[in-house]
Amino acid sequence: MAAMLEFLAFRLDTVGECLWRHTDSGEEERIRLQPRPFALLRYLVEHAGQLVTEDEILKAVWPKLYVQPESIKTQLHQIRKVLGDDPKNPRYIETVPRRGHQFIAPVREWTGPDAAVRKRAAPRRIVGREAELSLLRDCLRSASRGERQVVFVAGEPGIGKTALVDQFEHQAKIEVPTVRIARGQCIEGYGGTEAYYPLLEALGALCASSAAASIVEILVAHAPTWLVQFPALLTERHRQVLQREIVGSTRERMLREIGAAFDVIAARVPLLLVLEDLQWVDHSTVDALAMLARRRSMARLMLIIVNRSMDPLPADHPLKALMQDLLVHRLCQRIELKPLAEAQVAEYLRADSPEGDSPKRLSEIVHRRSGGNPLFMGATLDHLVQRGFIAKERGSWQVKVPLEEVDLGVPETLRQMIEIQIGQLSAEEQRALEAASVQGAAFSPGICAAVINEDAEKYEILYDSMAHRRRIVCAAGTQTTPDGLVSARCEFVHALYRDVLYHRQPPLRRKQLHQRLGERLEAVYSQQLSEVGSELVYHFEESADWPRTVKYLRLAADAVERRCGHKEAIGLLERALQFASKLPAEQRPLTEMEILEKLARILYLTVDPPAPDLYEALAARAAQCNAIDVEVRAVVEMARLWSWRDSRRALELLDRAEQINARQADPLARANARIMCMSWRLLNGGRHSTDASEARNLMSELREAGRVTGPLLIWYSRLQSVCSQYRDSQRCALEGLAQLTQGSPVNPCADMEEITAANLLIEGHLFLGEWGEALRVIEATVAELTKNAKDTYAHNFRFRYAELSVFAMDYEGGLAICESADRALGKAIIPPAHRFRLTLVGAAEVALGLHEQASEHLSQVRDEMNRRRLIYDDYCRFLLESALTELWLARGDFSQASAQSQRFLEFALGTEERTWQALAWDTNTRVAMAQGDFARAAQCIGKALTMMEGFEVPLADWRVHATAAVLDDRLGNVDSAKHYRELSRATIHRIADSLRPEEPLRKSFLSAAQAALDH
């Protein structure tokens, strides 16, 4: 159904939930209706020409509420009163006795500007802002040409920032009728904790406009991580598809997507995006604004950022830093609104009385008392009118008392003025507004009424009456609670009104009202608490209800983390940890432990991992709670952190974790932690000869008991891989991924375990000779990581492609990939990846005859490993020892080659890696042949063949059989040589056939392998 429906002199705004009436002067008047009569009118208009029964109305309009049928007559009476409709001679609604009601006026879809941007009435003309409006119009013209524009509008409270933007918006719709306008606003108190709050509000307005269908299509195609934030726009099936699509999303992906989406939205028609009150902005929104401002693509986008003056803001406020940076690079304009001069105040008074002039002395008094602040000026005039000091007669201001009395009758400050305005209200109105001020800048009359034990319907009428007079509050649409109840929503006309009303109440009363408001919101949103998590935090923190404060801080952190708002989530959890210290002693350790565990996990996923101190604190709390499993995990996480810097320290921590785990009473929990420790010990070079058999037995016990988890399967998969059980390792890794993603398609980006699993899958395919599958997983993983803006991980995965190229003997290709990934990573490359890259480069250089460069690179890696061991050094060392041997062989220094090949063999035999053990014996065979020691060569090749028995190791298979063929040729064993050559050739073709026919690696591998075979 259309957002705007027009009938005779009215338009029904289904977005703003109000009526617009065309007046004789050509202006439009906005008419507010209570939620129930509005819902009834909307139903009748949307079913115009149809006779609908009262039963149909009750089921369609209030399906979840019990409403007396007689209530329909009451609502119809209100509607007819607004429309000016005579029931005896109707022009709009006809009632057929005992049958129903019919909307009889002609209805058509309104095709003017979007309803979503017409929620505000036509603004009153403003004065003294001609230069600022001219600048804004110029920016809009530039934006309409495809030159994106960013304008900061700042000024003190009440200076007229919103009035300026309202006036410009009104002019924009006249000057550029096709412009799309969306507004968002930060909220004081809790808005800053909601990631992307004002952007989501603006995007929601676009999704509710007449262009909603096209906007949603754009979000589907370009910004699924944002579309999923609007579940009401999605079917259940579509929602499930999107949830799978966005698994592993990052802050960077969200930023990239919203930039692309706004570019497309603003590709053909201008988009005016207005974000207000950004002095309370969240970090994620600032990141998004920076990205939108710095994009170089063409877009008809104009972004207006409204905030209070920057000077009072803290030096480290993110918005201040952004504005200064954009100004330096000439990427934004700045408008700082100043107080009006006396001449402009006089013009303001004349504009308010166009048929006459105003006394000059009056403008002097108003200017001096208000300081040229428009909000204070308006309040001053209202005050003087109410005191009877001035009046508007025959279109001009008339002073009714001596000007000296007028001067003395004006309060000194705006706050005093507001206090006087409040004092002129009835006691009931004051009480209602005080309750509203505790709820926030925007509030629900129904909820306010409930917390002060008043009738909700009565108070809705009371607030609506004040909103009609625009005295202190104004209407702000409606809201629908989880139970389907539609109720009015209001907001203070300015934050200062709310501030005065809030602080005029005694602290104890405020505290009590906060507690009641929090409890009321808990009851109303009991099934959707995450929707009001930040509000609940605000109320329970102010009421000093610490258990609930901590609870909802954690809930709010969960909500913003789902939007990849890691900074906001970290801030919320740190606050939760602070307030947890106020909990009763018996609750404190467990709560602190849970918060620390969540905080550590989020920090680990951000660019800067947590300091070990955080895990020490977590381990200490876990020890207090006797939560041995958590304590072990905390110490293992410390080991994980240290493993990137110093494997020795990591192994010490793993020893500590094992000692803690020994106290675990649950044998299955103990088995789980033991496998985890063994896996991390292995990665840091701390293997034990009994690890493999012990891990198999422990895993059998856990499977039998049904205690197998996704992370456990992936840890165990690593142990299987280093024992050359590649297929079993792959099956285990896939099973672990399925548990981690809970049935979603494999997505290696949601957590470190999933990235580890992707590495294990690639490794398995590589060593099984399934190079086509290895390439497919590498490409899919890199694409997924890139989509989720995990560029550092993506570039590191490209080293696996370089590794495959080296194994396929495409050495030039391997070098090119390493150089490309290295340039992309720069200083972001992690030390283990740096060592791996240098080893791959060195191995390729040996094969290409670049011996000096190869020696330099390989020696650098060896020296670094000798100085300090890191995670994955063992995996890297296999190729390093092999490449160093090949270097000495290529140089013809067989003595050095023999010594190096022996080191290679000793290292390989210290592991259970059958591929590398066989390759080490193969290398020793070739060194012995080069030295003419054929007896040793025969012994070594026999060992290599034995190592492969019972294992699927094609990577070693083709090389060992090729070397055996060459040796037998030299020994004159023709038949044996032929046999081994055929075995080698079969393996070579099996590996090559795993690649697509057009894959360049296939051709390079077949050519190089055949040359080795014929050598």
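**Terms and their grounds**

Author: In this predicted model, the largest nonpolar core has 166 residues, and Phe262, Tyr463 and Ile675 touch the most other members. Helix 30, residues 667-683, gives the most to this core, with ten residues. Another core, of 77 residues, lies apart from it and includes Leu768, Phe799, Trp958 and Ile988.

Reader: What makes a set of residues a nonpolar core?

Author: The members must be buried residues of nonpolar kinds, Tyr and Cys included, joined through side-chain atoms within 4.5 Å. Tyr463 is a member of the largest core, so it meets these conditions.

Reader: Which residues does Tyr463 touch, leaving aside those up to four places away in sequence?

Author: Tyr463 touches Ala432, Leu433, Ala436, Phe443, Pro445, Cys448, Val473 and Cys490.

Reader: How do you know what span to expect for helix 1?

Author: The expected span is 1.5 Å times one less than the number of residues. Helix 1, residues 35-46, has twelve residues, for which 16 Å is expected. From its first C-alpha to its last, helix 1 reaches 16 Å, and is therefore close to the expected span.

Key:
Residues are numbered from 1 along each chain as its sequence is written. This is a predicted model: local features need pLDDT of at least 70, side-chain atom pairs count only at pLDDT 80 or more; totals for chains, interfaces and linings use all residues. Side-chain values use heavy atoms; hydrogens and water are left out. Helices (H or I, at least four residues) and strands (E, at least two) are DSSP runs, numbered from the N terminus. Buried means under 20% relative accessible area, exposed over 50%, partly exposed in between (1.4 Å probe, protein chains only). Contact means heavy atoms within 4.5 Å.
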